[in-house]
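Try each task on your own before you read the solution.

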Amino acid sequence: MKSFLIGAATSNSGKTTFTMGLLRALRNRGYCVQPFKCGPDYIDTIFHRIASSHESINIDTFMASKEHAINVYRKYSRYADLSIVEGGMGLFDGYDGWHGSSAEISTLLDLPVILIVNAQSMAYSVAPLIFGFMYFNKNVHIAGVVFNNVASKKHLEFLAAACKEAGAECMGFMTRNPELVIPGRHLGLTVSEEQNMNRIIDIAAMEIEKNVDIDKILNL
C-alpha cells in the first residue's frame, strides 16, 4: 500500500482543495483510496468522503494516544490501494510546539510529506521557506512540493528554480482559479451544497491531472 501526508507551510495554503482533487483523480483512475485527517476536524472529513466515496478517519494525538493513532491508521488502511492523510494548519503546528502536529504524525506513521506552498505574491523567496521545512527536522521527510495559486508560466519557472535550489522536488502546481473556492464551512451539507462541492472537486481533479505529476506521487 502506498501512503503519504499532505502538509503545508501555513493554514489556507490549499491543502484541502489539493487533497480533494487528488482523491477524486485517483478514484477516477480506479484506485481504492482511504482518506484521513490530522486532528479532530469534522468538516474536511465530509469533503474527503464526497471526493473519494470512502469515510475519512481522524488521526489525533492530542485526545488519543499514539498507539491508538497507529492502530486506527492500520485498521482503516488495511484494504486500500492508497492512504492519504491531510494535515491540519501548518505542518509543524501542534498543541505544544510540534506535539500533535501533522509533522509528528508523519513521523509516527512513517509517511513522506507532500508540501503545499501558497505561491501567491511570492516567487524565488519560496526557496528559503522550502529549505527550512526540508531540514528543520531530520525525521520529517519532505518528498516533494506542489505550488498553489501559480499565476503564469513565468511565475512557475521562478518557483521551480527556487524549489531546485532548496533541494526539493517540484511535483506540480495548481493555478489561481476562482472556481476552486470552497464555500463557507459548517456542520452538515445540503443536497445543493454537496452537488456544488462535487463540481469543485471535479475541477480540482482536472487541474491536478493536467498540472501535477500523479505518477511521481504514486512512486514516493
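**Exercise 1. Which residues does serine 56 touch, not counting residues up to four places away in sequence, and is serine 56 buried or exposed?**

Solution. One thing to keep in mind from the start: this is a predicted model.

Step 1: list the neighbours. Serine 56 touches Gln34, Pro35, Phe36, Lys37, Thr45 and His48, once residues up to four places away in sequence are set aside.

Step 2: Serine 56 sits in the loop between α2 (44–52) and β3.

Step 3: look at the side chain. It makes a polar contact with the side chain of histidine 48, at 2.8 Å.

Step 4: check the accessibility. The relative accessible area of serine 56 is 9%, and the cut-off for buried is under 20%, so serine 56 is buried.

**Exercise 2. Find the largest nonpolar core: how many residues does it have, and which element gives the most to it?**

Solution. Start with the count: the largest nonpolar core has 37 residues. Those with the most contacts inside it are Leu5, Leu91, Ile130, Val145 and Phe147.

Next, go through the elements. Those giving two or more residues to this core include the strands β2 (33–38), β3 (57–59), β5 (113–118) and β6 (142–150). Helices α3 (66–77), α4 (102–108), α5 (126–135) and α6 (153–165) are also among them. α5 gives the most, with five residues.

As background, nonpolar side chains tend to be buried together in soluble globular proteins.

**Exercise 3. Take leucine 5: what is it in contact with beyond its neighbours within four places in sequence, and which residue in β5 does it stand opposite?**

Solution. First, the contacts. Leaving aside neighbours within four places in sequence, leucine 5 is in contact with Cys38, Val85, Leu91, Ser102, Ile105, Ser106, Leu111, Pro112, Val113 and Ile114.

Second, the strand partner. Leucine 5 stands opposite valine 113 in β5. Strand β1 (residues 2–8) and β5 run parallel, and four bridges join them.

Third, follow β5 to its pairing with β6. These two strands pair in the parallel sense over six bridges, and isoleucine 114 has glycine 144 in β6 as its bridge partner. The chain goes from β5 through α5 to β6, a right-handed β-α-β crossover.

Finally, ask how covered β5 is: five of its six residues are buried.

**Exercise 4. How many salt bridges are there, and which parts of the chain does the pair of glutamate 209 and arginine 29 tie together?**

Solution. The count comes to 10 salt bridges. Here are three of them, one at a time.

- Glutamate 209 and arginine 29 meet through their side chains at 3.1 Å, N to O. Glutamate 209 is in helix α7 (residues 191–211) and arginine 29 in the loop between α1 (15–28) and β2, so this pair ties together parts that are 180 residues apart in sequence. Both ends count as partly exposed: glutamate 209 at 36% relative accessibility, arginine 29 at 37%.
- Arginine 49 forms a salt bridge with glutamate 55, with 4.0 Å between the closest N and O atoms. Arginine 49 is partly exposed at 27%, whereas glutamate 55 is exposed at 52%.
- Lysine 66 and glutamate 104 meet at 3.5 Å, N to O. This pair links helix α3 to helix α4, 38 residues apart. Lysine 66 is partly exposed at 42%, but glutamate 104 is buried at 7%.

Last step: look for shared partners. Arg29, Glu209 and Asp215 are joined into one network that way.

Methods:
Residues are numbered from 1 along each chain as its sequence is written. This is a predicted model: local features need pLDDT of at least 70, side-chain atom pairs count only at pLDDT 80 or more; totals for chains, interfaces and linings use all residues. Side-chain values use heavy atoms; hydrogens and water are left out. A nonpolar core is a set of buried Ala, Val, Leu, Ile, Met, Phe, Trp, Tyr and Cys residues joined through side-chain atoms within 4.5 Å. Buried means under 20% relative accessible area, exposed over 50%, partly exposed in between (1.4 Å probe, protein chains only). Contact means heavy atoms within 4.5 Å. A polar contact is a pair of N or O atoms within 3.5 Å; within protein, one must be able to donate a hydrogen and the other to accept it, and residues adjacent in sequence count only if both atoms are side-chain atoms. Two strands pair if DSSP finds at least two bridges between them. A crossover is right-handed if, with the strands pointing away from the viewer, the path from the first strand over the helix to the second runs clockwise.
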